[in-house]
Amino acid sequence: MKAIAITRAAAGGSNLDALTDIDLPQPHASGHDLLVEVKAVSVNPVDTKVRAGFNADTPRVLGWDAVGVVKEVGESVTLFQPGDEVWYAGALTRPGSNSEYQLVDERIVARKPASLDNASAAALPLTAITAWELLFDRLGVKENGNDGDVLLIVGAAGGVGSILTQLARQLTRMTVIGTASRPASQQWVKERGAHHVIDHSKPLTEELARIGIKEVTHVASLTNTQDHYQQLINALKPQGKLALIDDPDSLDAMPLKAKSLSLHWEFMFTRSMFTTDDMIAQHQLLSRVAELIDSGVLKTTLGEHGGAITAANLRKAHALLESQRAVGKIVLEGFAG
């Protein structure tokens, strides 16, 4: 089967050109696994981080978002059958979705939204899981609740921010504030439903004051947390909550003490990595997101279609993502030839 893999570590620079078209044996399903014929994928920051940190002799297939069709099921599978159209984000510890066929545990898979084409659906699984877990599991926000609370989303124009903004606006009673620094990304955040959009290239406390917000109760910091950390602490109401998904070089928790602020990490691969007892929660939440999309409550976060799933197109997608100028999600669809 066709696949794109990272084949060598960086040598004094980027290893972007080490994304290579290769051929691999087609796997077969057993246990709780589905064998999925991949139709579309998207590119996430985890792809670029794993590529940049690659240092092994065996090529590794990346990709942690996919839409496809079930071709085989393992003997323990109960949720799916061949022919089902599905979407998922896969597991960090297994071969990724940048291949014609992929094995994935049924407990982190759901049927794709019927109203979306493959590319539009592929933009969502990883970011939807991350945003849902961050909002409802980590920050403890309640559906149809939190009236009077204020959520600040730092980096709201990216993949996670685009769906988190929608979830918070549509499913809670919070005031939603998104940050974006360019006119195009600010407009994107407004269209996703944010009540207010502020510029994170300026001091956040000043930007909040500009829109008449004295303090916020919840923060979702999705990018450059270490650059905004003290300002986020200043902006948070006493006993507020701060959740993050990025990778600061270091983070001193002591400044949180005076306000009794709580710190939460969100990493959507935790359930699959540790095969947690509640791993099926990702199947359930993806199923719920699909229902919300098909009922018109949520919209795809597809920002750019990058063409067929090839090494050349993946290199372009990785470069765009690393430029931090991408708006929404970058999706590739179909295998050339």
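Predicted model: local features only at pLDDT ≥ 70, side-chain atom pairs only at ≥ 80, totals over all residues.
1. Six strands form an open sheet in the order E11-E10-E9-E12-E13-E14, with parallel pairing. Strand E11 (196-198) and E14 stand at the edges with a single partner strand each, so one side of each has no neighbour in the sheet. On average, neighbouring strands of this sheet are turned by 20° against each other, direction ignored.

2. Four bridges join E13 and E14 in the parallel sense. Within this pair, Lys241 stands opposite Ser262 in E14. Helix H7 (residues 225-235) lies across E9, strand E12 (216-221) and E13, and runs at about 155° to E13.

3. Asp246, setting and charge. Asp246 is in the loop between strand E13 (236-244) and strand E14 (262-265). Which side chain of opposite charge is nearest to Asp246? It is Lys49, at 7.2 Å. A salt bridge needs a side-chain nitrogen of Lys or Arg within 4 Å of a carboxyl oxygen of Asp or Glu. Asp246 has no salt bridge, yet it is buried.

4. Asp246, polar partners. The side chain of Asp246 makes a polar contact of 2.7 Å with the side chain of Thr225. A polar atom of the Asp246 side chain also lies 3.0 Å from the backbone nitrogen of Asn224. With neighbours within four places in sequence left aside, the residues in contact with Asp246 are Ser221, Leu222, Thr223, Asn224, Thr225 and Trp265.

5. Positive phi at two residues. Asn146 is not a glycine but has a positive phi of about 65°. Its place is in the loop between helix H3 (125-138) and strand E9 (150-154). Gln324, also not a glycine, has a positive phi of about 60°. Gln324 lies in the loop between helix H10 (311-322) and strand E16 (329-333).

6. Accessibility of these two residues. Is Asn146 buried or exposed? The relative accessible area of Asn146 is 17%, and buried means under 20%, so Asn146 counts as buried. Gln324 has a relative accessible area of 58%; exposed means over 50%, so Gln324 counts as exposed.

7. The antiparallel strands. Strand E3 (residues 33-43) pairs with strand E5 (residues 66-73) in the antiparallel sense, over seven bridges. The bridge partner of Leu35 in E5 is Glu72. E5 is also joined to strand E6 (residues 85-88) by four bridges, again antiparallel. Here Gly68 has Val86 in E6 as its bridge partner.

Notes:
Residues numbered from 1 in each chain as written. Heavy atoms only, no water. Pairing = 2+ DSSP bridges. Buried < 20%, exposed > 50% of the residue type's maximum accessible area, 1.4 Å probe, protein only. Lys, Arg positive; Asp, Glu negative; His and termini not counted. Polar contact = N/O pair within 3.5 Å; in protein donor to acceptor, adjacent residues only side chain to side chain. Contact = heavy atoms within 4.5 Å. Axes fitted to C-alpha atoms, helices over the stretch in contact; angles between N-to-C directions.
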